[in-house]
Each structure stands twice: as structure tokens, then as C-alpha cells.
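The exercises below concern the surroundings of two ligands. Try each task on the structure before reading its solution.

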Amino acid sequence: MSEVLVLIDHVDGAVRKPTYELLTIAKRLGEPSAVFIGGSAQGADVAEKVKKYGAEKVYVVDDAQIKGYLVAPKAEALQQLAEKTSPAAILIPSTMEGKEIAGRLAIKIESGLITDAVDVEADGTTTQSVFAGNYTVKAKVTTGTPIITVKPNSAAPEEAAGAGTVEEFAATVSDAAKGAQIVASQPRKATGRPELTEAAIVVAGGRGTGGNFESVEGLADALGGAVGASRAAVDSGWIPHTFQIGQTGKTVSPQLYVATGISGAIQHRAGMQTSKTIVAVNKDEEAPIFELVDFGVVGDLHTVLPALTEEVTKRKG
Amino acid sequence: MNIVVCVKYVPDATADRQFESDNTVDRVGVDGLLSELDEYAVEQALQLKEKAGGEDTTVTALCVGPEKAVDAVRKALQMGADQGIHVVDDAVAGSDAAATSLVLAKAVEKAGAEKKVDLVVCGMASTDADMGVVPAMLAERLSLPQVTLASVIETQGDQVRVKRDGDTATEVIGAAMPLVLSVTDQSGEARYPSFKGIMAAKKKPLETWSLADLGVDAGQVGLSVAWTEVAETTARPPRTAGEIVKDEDGSGATALADFLAAKKFI
Ligand SMILES: Cc1cc2nc3c(=O)[nH]c(=O)nc-3n(C[C@H](O)[C@H](O)[C@H](O)COP(=O)(O)OP(=O)(O)OC[C@H]3O[C@@H](n4cnc5c(N)ncnc54)[C@H](O)[C@@H]3O)c2cc1C
Ligand SMILES: Nc1ncnc2c1ncn2[C@@H]1O[C@H](COP(=O)(O)O)[C@@H](O)[C@H]1O
């Protein structure tokens, strides 16, 4: 069986959940080989984690030459690994960085690229959600090695014992790839809440909150969910951009999406329309968000949210 | 400075967007416009020109697309770009991102034949395909560094510094021109064309190039040689109408809690 390369999504060696989803998908296509571009000292640790989800091999690419630069060196490393392993496919997390690595790689190895897949079948057919979630598209790479970036929550991670054999891979990074340097980096502060794109429950606030995100956060905490926002709330400076949901923010597809004080513009829908269950609180019964909901409350969020939070806390006991 | 801004002509996102029978995006039946996210790219290019003092800097708007796509170039000219290039050729229809980036790269090379291009500015993503990969592909094809997803841009001589919200950190990226830059909708509102701008745009140079002008073989682009194939497009079934209640003296919160409990969220 051919190898399937899976680029590990991690922050300083801490493996992020989408990696396990990608490994689960990779098993449908061939033999999962995880690729860790990071500190080689962390390689063994990372291998322990990914082998539980079926990684047979773990290529450890030391990032001494790679860290500190934007995507180009990572694309070179993957190109060299692809040449060495002739994989059946290359799966990359659908983050901004992941998509750019994939873009460069696709040109380098003259291979088709599919971005933002929400499912990948055994024959490589992908499913994507397009036009703000209004259409579902099935597509396939027809030339070269399929390169597919996969969105978080596209598969339930399945545990499966893999050998997890560590193999150091020395990538050659060209000077040309070092053109764009990361001059400074400030890691995002942890909120203590689930990661927005991975959360099972998301509570989002819009312009209608009037900047009162405490009641949004209160409900999110009572439900054990993440907090999100519309662009209007971000543009008003009430909450940082990383919490924005929509076309130019994050796409979420949780089990439950709670929209509060959000009208439901097409660009916002683009980031949440595929949520399993959608509820909304909005004082305007004509708000387009009500076209999407499974359950809606027409009312003032300033009274409904605190009452709901109290009710949830009480029922959870 | 020689700046090229890549602007895409896209179907209006607020209209009923659809696919053709060959599964390509319907670019004719639906009203189109300059992709809103590329307006931010035009804006930043114009600001860079203004900061550089104007005279020695040229901003060229470049679009690859069908006949009607010239509207996107015109809009950029009305906003203040100095000249426009529209690459139009029947063979381009149905191109995927890889082929589009090839045509854009050849056009950038031709645009820089006399005076080299220092900066290629793109939007963060197109509002139709929404892949966000063309800037990276273009950088790869032109063998240039990419500085993407910028929200704040500063230049000093040939040095470019941008601030951006990365996936896990806020970063400052530095690189020397020439390079490919992409900007987000956090970079600042785009200007509206003024009446004067609209009048002036009519006299600005606008060239139309074919694939032959770029030295690109028709067999390298288009639907039939795309590296990916769309097998099927399906309209998402409309969501079944949910239950909507009016809140009266706290009844809304209780009803919603009942719903969440029934769905096992609490
Ligand atoms: C290129 C482009 C990209 C964009 N990208 C995004 C994106 O990624 N994400 C995004 O969200 N938007 C995006 N937008 C903006 C989008 O078009 C809308 O402007 C935005 O989503 C509106 O946010 P909102 O719903 O919070 O505000 P509004 O549309 O102003 O809606 C506020 C809602 O709150 C309700 N309300 C007010 N007070 C109360 C109260 N006390 N209790 C209950 N309800 C109340 C109102 O009835 C109203 O429905 C983009 C736009 C463009 C052009
Ligand atoms: N056909 C095109 N003509 C001009 N610029 C384009 C075209 N396609 C993509 N671009 C540029 O590349 C960016 C990203 O596009 P995409 O990768 O399709 O999301 C856009 O914001 C444009 O700046």
C-alpha cells in the first residue's frame, strides 16, 4: 500500500486535534505517514501521539532551517518528501498556512490541489461546501499527486495502532525560500475555552450585543462552548479578529451554533451554515438568520441570554 | 515603484450564484463585479503609491477573465489605478487555480518587461472560489517571496514589513521587494471612486492581452487540462423551517433551554 503523507498541525510540538482527523482520513487512502516539521527533540513525543491514530511512519523534519520563515521552506521539505516517498496523496490541515504551503507545493510537483475539503472518500473524491454553504461540490484531483487540505471536524478521529517508526528526514532549504522572515511573533493568549474551529458548541455575538460580550461568554461557559463573533462586532473593537466567523474569518461546523444579535449576512453564513443545529436570539423577527435556525427566539438578548445561562446552569445541576 | 494589483471579476455574492452544466462557475448569467476583497488590495496599492510620493510609482490593475471582467479593471482605474491589463482568451475558461496563476505570472512578467515589477498585490481570497491560494502559487511561479494576509503594511526603501493575524499568533513579517503581497479586509476600508476618478478612468491606458501575447500555449490552460475535476455540484437543500418563539417575560429562555435539553446539549 502506498504511503499517504499527513502534515502534522502543531504548536511547538503540541499536536492539534485536526491532525488525528487527517490521519483517520489518510487510512482510507493508504498507509498514513505523519510529517512533523518541528524541533527534532520533540519528534519522539509527537510520534507517540500520532501512532495511536494509525501513523505507520513519522518523518521528523528538523525545523532549525525552517522556523522563522514563511511557508516556502515547508513547501520545499514536503516536495522532497513527496519525491522520496511517491505518496498516494498529501493531506494538509486547512489553515491559512496549510493552504499556502499546499499552493506552493502544487506548483512545485505539478499536482492538483483541492482546498477546504470536508470529506475525502477512499478513491480520493472530496466533498467541499461552496458559495457560502449553498452548494456541495464533489471533486477529484486528476493530475499528479492529490494534495488536499482538509477542514477541522471533517472526520471523527479513530484510534488505531500504527508502528509510529520515526525517520529523520534532512530537508534541503534553498536560500530563495528564506525570502520572507517572521520578524516577531506573539502567540495568542489562551482563553481557557475550546478552540473555535474544533468546538462542539459555539456561541457567537454580533452588533446586537452592543459590546456586551460578557453575556455571550457566560452562555458559552455554561454550555462548555467556544465564543465567536460577527465582523461587525470585530470591527467595533469588541473582540479580536481571531474570533470572527465567516468568509474572512473562521469557518465553524459545530454540533450547536448559537447566534446572538447577528443578522445573518451571506458573508457570516459562509462561516457557519454547515453547523448541525442552529439557534438564534434576535429582537428582529425579520432577521435573515431566522431562515437558518432550528430554533429561534425573538427577543432582547440582554434579558434572554442571562436567563438562559441561569436555566442551563440550573439544569446541568 | 512598479506595482501590479491582481483583481478578479466574480459573481455577486448577494445574488443567486450557480454552476454551468460543465460544473464551472456561472460567470455570465449572474451579475459580476470586482471581488470586494480585491478592493482592499487596490486600496493598499494606492496608499503605497501615495506614501511613496506618487510620480515614480505606477499601479497597474491586472485581471484574467471573460469579456465582462474588464469591469473589474475599470473599477480599479476609477479608484485610482494608473493603467489596466485585461487578459482575455476563450482558452482560459474553466482554468483552475494552478492555470490561473500561470497566466497571471506570465502577465506580471510581461508587465515588467521594461521596468521590473516590485510588488504584486493580491486580495486574501476570491469571493467565489475562496481558495486563498493564488497568491502563494503566483509567488512560486515567479520565484518570489510571499508576504500574505497583511493587515498593516509598511515600506522603507525596498523593505516591506507587514502585521498579520496568523492561525496561532500575531506576527510581523519582513521581506525585500520584489515580492507578492496579499491583504485582508482588516487592512482598512477601500475608497469609493469619486466623480473625478470615474471621468479620469476613461482616459487611462487599458490593454487587452491574449494568451498568444503572453506566450502561453492554449493547451496549458482551461477546463480540459485542469489538474482537478469537479464531478458534481448540488444545491444544498434549504434548511427545514425551525420553530420560532417570541420572548415574553422570560418564556424565550425557558423554551430555548427545553429545546437544548431535548437535543441533549444540556
Ligand atoms: C468582503 C466581505 C467579507 C465579510 N466577511 C465577514 C465575515 O467573515 N464574518 C461576518 O460576520 N461578516 C462579514 N462581512 C460583513 C457582513 O456583510 C455583515 O455586515 C456582518 O456580518 C453583520 O454583522 P452583525 O450581524 O453582527 O450586524 P448587523 O447586520 O447590524 O445585525 C445586528 C443584529 O442584531 C440584532 N439586535 C440588535 N440589538 C439586539 C438586542 N438587544 N437583542 C437581540 N438582537 C439584537 C438586530 O436585529 C440585527 O439583526 C463581510 C462583508 C464583506 C463585504
Ligand atoms: N482571474 C484572476 N484575475 C486576477 N487576479 C486573480 C484571479 N484569480 C485570483 N486572483 C488574485 O488572487 C487572489 C486569491 O484568489 P483565490 O486563490 O482564487 O482565492 C484574489 O484575491 C486576486 O487578487
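**Exercise 1.** Find which helices and strands of chain B each supply at least two residues of the shell around ligand 2.

*Solution.* Step three is to look for the largest share, which is the three residues from β4(B).

The model is predicted: local features need pLDDT of at least 70 and side-chain atom pairs pLDDT 80 or more, while totals for chains, interfaces and linings use all residues. Residues are numbered from 1 along each chain as its sequence is written, chains are lettered from A and ligands numbered from 1 in the order in which they are written, and side-chain values use heavy atoms, without hydrogens and water.

**Exercise 2.** Describe the residues around ligand 2 and its polar contacts.

*Solution.* A residue is near a ligand if one of its heavy atoms lies within 4 Å of it. There are 19 residues around ligand 2, and among those that come nearest are B:Cys6, B:Asp38 and B:Ser126. By class, 12 are nonpolar, four polar and three charged. Here Ala, Val, Leu, Ile, Met, Phe, Trp, Tyr, Cys and Pro count as nonpolar, Asp, Glu, Lys and Arg as charged, and the others, Gly among them, as polar.

Next come the polar contacts (pairs of N or O atoms within 3.5 Å). Polar backbone atoms of B:Cys6 lie 2.7 Å from an oxygen atom of ligand 2, and of B:Val7 3.5 Å from a nitrogen atom. For B:Val133, a backbone N or O atom is 2.9 Å from an oxygen atom of the ligand. The protein buries 97% of the 480 Å² that ligand 2 exposes when taken alone; accessible areas come from the Shrake-Rupley method with a 1.4 Å probe.

**Exercise 3.** Where does ligand 1 lie, and which residues are closest?

*Solution.* Ligand 1 sits between chains A and B. Of the 28 residues that surround it, the closest include A:Arg207, A:Ser230 and A:Asn282. The shell holds seven nonpolar, 15 polar and six charged residues.

Conventions. Polar contact = N/O pair within 3.5 Å; in protein donor to acceptor, adjacent residues only side chain to side chain. Helix = DSSP H or I, 4+ residues; strand = E, 2+ residues; numbered from the N terminus.
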